[in-house]
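Trainee: Could you go through this structure with me slowly, one question at a time?
Mentor: Gladly, and here it is to look at while we talk.

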Amino acid sequence: MTIGDITPKKERKSRRSKRVVDEKAPLLPKQQDEHGGYDEFNGASFTGAVFNLSTTIVGAGIMALPATMKVLGLVLGIAMIVFMAFLTDASIEFLLRFSRAGKTTSYGGLMGDAFGKYGRIFLQICVLVNNIGVLIVYMIIIGDVLSGTSSSGVHHAGVLEGWFGEHWWNGRTIVLLITTLGIFSPLACFKRIDSLSFTSALSVALAVVFLVITVGIAIIKLISGTIMMPRLLPDVTDLTSFWKLFTVVPVLVTAYICHYNVHSIDNELEDSTQIRPVVRTALGLCSSVYVMISFFGFLLFGDGTLDDVLANFDTDLGIPYGSLLNDAVRVSYVAHLMLVFPIVFYPLRLNMDGLLFPSARPLVLSNTRFACITVGLITVIFLGANFIPSIWDAFQFTGATAAVCLGFIFPAAVTLRDHHFIATKKDKILALFMIVLAVFSNVIAIYSDAYALLKKNSGSRA
């Protein structure tokens, strides 16, 4: 459903007919009964909700997981992936439980209920920083894969350059402009997140295509005896190798960040009791994909696994049709990111509106505001990806901080604040653990990024 008039509809027998009016929850409401609701919309399906939440989870981070196996070994690495899925489930349960207690319908409303206006504003700023950074990185990756990239004087040809040669129309800016106008903009015009369920299902399917190709190549090479079983446990020989184990913590901690979309998905469900099964099904699906990708990616490339495993598919695989399979992996991954874009953009627009117009009527009822914020944000993301080359370095720092705040620090802080006196002692101990883990992860991420940036700059000067 694109920008258009919203006609009244009949009430449904669900909690959606009991709209909670909360000035601290300026994001998308559950249902606009007194102002008019969604035309012929009877609630999102369970399957559509699962696909939307799964797509929120599985973004670009999937490519960094095989490298964590190289550091931790398969046993510890897979155990950490499963553990983080359970911890994410607990943090989302905190969000939902305290939202029900406070009768809030958004993440911003929950933070406002617990910490007042400034808590809501801080949450919205974190969503803006995290999601703008993520979407710019997605656009940079899409440009790199399709049009190529140059680093240290070496040019890596993109897929389109490899197929058609170098032309003006497959240059980076033109390709991203076409992608923005032809794919991102139309998908960003949907007012309901459930309208993206089909593209989300396709996005998950494309991630599975990448998985299937990786599994197939690994099995073929394993049968032919060209690869060996990978290391099961970490290789710790000295203090340096021990500290290196902690460098993968940020990748694992941020692997399941999806909290900013949970309320929007919950608000559109016909039966609100389905949100917990939706969350657990999505986490189960994503953790299965993560485990398989990590296992077979590390099995295929071993100690040669790069920080971004996609870069491994830019080399000779040593099997028939290897070049074709490389292109299939890269194209499927780019298409996956294109379809993830609108799911991450959706809460970005809602939180931008909530930050700029906290007292205005819901965004879904104002076509002018909806269009202006959409165009403005897409323009900022496009310009950032094309004309600010150092922006990736900046978002490595701010993005890591915002992501752990959204995923663990804020849910844990709400639990410790316990504004409605419903938290148990076990809840508060778990919340403290989440905060310690998140802060520890963020410190490591900032240190690692700063060290890598300084090393790169010193190398370029030399």
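Predicted model: local features only at pLDDT ≥ 70, side-chain atom pairs only at ≥ 80, totals over all residues.

Mentor: Residues are numbered from 1 along each chain as its sequence is written, and side-chain values use heavy atoms, with hydrogens and water left out.

Trainee: How many salt bridges does the count come to?
Mentor: A salt bridge is a side-chain nitrogen of Lys or Arg within 4 Å of a carboxyl oxygen of Asp or Glu. By this rule, the count comes to nine.

Trainee: Which helix holds Arg-97, the partner of Asp-427?
Mentor: The side chains of Asp-427 and Arg-97 meet in a salt bridge, with 2.7 Å from N to O. Helices here are DSSP runs (H or I, at least four residues), numbered from the N terminus. The pair links distant parts of the chain, 330 residues apart, with Asp-427 in helix 15 and Arg-97 in helix 3.

Trainee: Is Asp-427 buried or exposed?
Mentor: Buried means under 20% relative accessible area, exposed means over 50%, and partly exposed lies in between (1.4 Å probe, protein chains only). Arg-97, at 23% relative accessibility, counts as partly exposed. Asp-427 has a relative accessible area of 9%, and therefore it is buried.

Trainee: What is the relative accessibility of Asp-353, which pairs with Arg-369?
Mentor: Arg-369 and Asp-353 form a salt bridge whose closest N and O atoms are 2.7 Å apart. This pair links distant parts of the chain, Arg-369 being in helix 13 (residues 367-387) and Asp-353 in helix 12 (residues 322-356), 16 residues apart. Arg-369 is buried, with a relative accessible area of 13%. Asp-353 also counts as buried, because its relative accessibility is 1%.

Trainee: Why is the pair of Phe-341 and Phe-345 stacked?
Mentor: Rings of Phe, Tyr and Trp (its six-membered ring) pair if their centres lie within 6.5 Å, and planes under 30 degrees apart count as stacked, over 60 as edge-to-face and the rest as tilted. A search of the whole structure finds six aromatic pairs. One of them is formed by Phe-184 and Phe-341, which are stacked at 3.9 Å centre to centre with 10° between the planes. For Phe-341 and Phe-345, the ring centres are 6.1 Å apart and the planes are at 15°, so the pair is stacked.

Trainee: Which residues are in contact with Asn-442, leaving aside its neighbours within four places in sequence?
Mentor: Asn-442 lies in helix 15 (residues 425-461), and it counts as buried because its relative accessibility is 12%. Contact means heavy atoms within 4.5 Å. With those sequence neighbours left aside, Asn-442 is in contact with Ala-400, Thr-401 and Val-404.

Methods
Helix = DSSP H or I, 4+ residues; strand = E, 2+ residues; numbered from the N terminus.
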